[in-house]
Amino acid sequence: MMKKVVTLGEIMLRLSTPGHQRFVQSDSFDVNYGGGEANVCVSLANYGLDARFVTKVPKHEIGQSAINALRKYGVDTKYIARGGDRLGIYFLESGASQRASKVIYDRAHAAIAEADPSDFNWKEIFEGVDWFHFTGITPALGDKAAAITLEACKAAKEMGVTVSVDLNFRKKLWTPEKANEVMSQLMRYVDVCIGNEEDAEMVFGIKAAHTDITKGEIDHSSYEAVAKELINRFDFKYVASTLRESYSASDNGWSALLYDGEKSYLSKKYDVRIVDRVGGGDSFASGLIYGLITEMPLQNALEFAVAASALKHTIPGDFNLVAKDEVETLMKGDGSGRVQR
């Protein structure tokens with residue numbers, strides 16, 4: 001039977017400068033749609049799962065365009081509520097070499113941020129569902145969105161649904177103090193926690209020692225210590241952390257660690273040349289969810305997630321538009337990039 005996954009979050013209109021142009025020099029924007037949980041949902045649909053996205057978007061044509069972008073890749077949009085005045089927007093300037101990428105948000109008063117808990121019937125939404133995923137971005141949108149996320153987590157746990165979170169701390173949306181207050185309450189319902197060294201430190205004050213990603217320095221033992229502390233504090237079943245080594249805006253080292261409370265698993269490292277890094281963490285989360293929900297051995301689940309997210313870095317837009325067999329080919333060692341004829 002096909003596994004069913006639900007994700008909850010915001011889908012936004014993305015306006016990005018063509019190529020690597022700066023905001024101040026561009027006369028046009030490329031249009032895409034995306035957002036943390038929406039990106040995860042698209043990936044899972046591409047891997048063949050029954051993937052359902054829950055949000056609220058305006059009734060106008062831009063809201064419908066966002067829904068259409070999801071439907072294009074087979075996402076179930078049945079439980080997307082309609083209403084509110086606007087769809088959130090973010091502007092992206094893609095960096096290169098030593099120039100960093102930049103994101104500007106224009107998402108205040110978006111429909112999902114002002115949605116009401118009555119917009120969603122979680123008992124119906126979670127009927128027959130195996131997995132629920134959210135990120136720290138959604139509760140950061142405001143008190144209403146945080147309340148909706150909490151209701152969803154409670155309902156998922158009551159109905160025996162596995163719950164995962166990607167901490168995804170966004171300093172432009174809330175403070176570390178507020179994040180700690182809200183996320184600590186949500187963590188009691190979570191089985192699988194995904195994050196990176198910044199997320200753990202900014203949200204829960206847990207710092208990875210002897211690590212400086214801006215200098216390409218990563219101490220794997222310190223990441224394991226962070227994972228152990230998270231499990232001790234919140235009783236997660238698994239903790240996963242992406243390990244990004246930022247050589248420049250164009251080139252990164254990319255790997256990950258998974259900890260199950262007893263043993264650590266470390267993935268292969270990929271040196272990736274970046275086309276678009278937005279959605280890289282989401283593609284890792286979706287790959288890990290797919291590996292775990294299909295009961296892959298833990299090392300294989302981690303390798304699938306890292307390979308999938310390495311491929312995402314080569315694809316423009318938020319969505320990771322790769323198929324399961326493409327990920328498996330890279331897992332097996334074929335990263336040559338030779339033309340497939």
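Student: Leaving aside neighbours within four places in sequence, which residues is Thr242 in contact with?

Tutor: Setting those neighbours aside, Thr242 touches Gly195, Asn196, Glu197, Tyr223, Trp254, Ser255, Ala256 and Phe284. Keep in mind that this is a predicted model.

Student: And where is Thr242 found?

Tutor: Thr242 sits in strand E12.

Student: Is Thr242 buried or exposed?

Tutor: Thr242 has a relative accessible area of 10%. The cut-off for buried is under 20%, so Thr242 counts as buried.

Student: OK, helices now. At what angle do H8 and H9 pack?

Tutor: H8 covers residues 280-293 and H9 covers residues 298-312. They pack at an angle of about 150°, and their axes are 7 Å apart.

Student: So are H8 and H9 roughly parallel or antiparallel?

Tutor: Angles over 145 degrees count as roughly antiparallel, so that's what H8 and H9 are to each other. Their crossing is right-handed.

Student: Which residues of H8 and H9 meet?

Tutor: On the H8 side you've got Gly280, Ser283, Phe284, Gly287, Leu288, Tyr290, Gly291 and Leu292. On the H9 side they meet Leu298, Ala301, Leu302, Phe304, Ala305, Val306, Ala308, Ser309 and Lys312. The residues of this contact divide into eleven nonpolar, five polar and one charged.

Student: How many residues of H9 are buried?

Tutor: Twelve of its 15 residues are buried, so H9 is mostly covered. Among the buried ones are Glu303, Ala307, Ala310 and Lys312.

Student: What do the buried residues of H9 pack against?

Tutor: They pack against strands E12 (238-246), E13 (251-259), E14 (264-266) and E15 (270-273), and also against H8 and helix H10 (324-331). E12 is the strand where Thr242 is found.

Student: How far does H9 reach?

Tutor: From its first C-alpha to its last, H9 reaches 21 Å. That's close to the 21 Å expected at 1.5 Å a residue.

Student: Switching topic: how do H5 and H6 pack?

Tutor: H5 (residues 176-186) and H6 (residues 197-204) pack at an angle of about 90°, with axes 7 Å apart. That makes H5 roughly perpendicular to H6.

Student: Which residues make that contact?

Tutor: Pro176, Ala179, Asn180, Met183 and Ser184 come from H5, and Met202, Val203 and Phe204 come from H6. The residues of that contact split into six nonpolar and two polar, with no charged.

Conventions: Residues are numbered from 1 along each chain as its sequence is written. This is a predicted model: local features need pLDDT of at least 70, side-chain atom pairs count only at pLDDT 80 or more; totals for chains, interfaces and linings use all residues. Side-chain values use heavy atoms; hydrogens and water are left out. Axes are lines fitted to C-alpha atoms, for helices over the stretch in contact, and angles run from 0 to 180 degrees between N-to-C directions. Helices (H or I, at least four residues) and strands (E, at least two) are DSSP runs, numbered from the N terminus. Angles under 35 degrees count as roughly parallel, over 145 as roughly antiparallel, 65 to 115 as roughly perpendicular and the rest as oblique. A crossing is left-handed if the near helix is turned anticlockwise from the far one by less than a right angle, and right-handed if clockwise. Contact means heavy atoms within 4.5 Å. Ala, Val, Leu, Ile, Met, Phe, Trp, Tyr, Cys and Pro count as nonpolar, Asp, Glu, Lys and Arg as charged, and the others, Gly among them, as polar. The expected span of a helix is 1.5 Å times one less than its number of residues. Buried means under 20% relative accessible area, exposed over 50%, partly exposed in between (1.4 Å probe, protein chains only).
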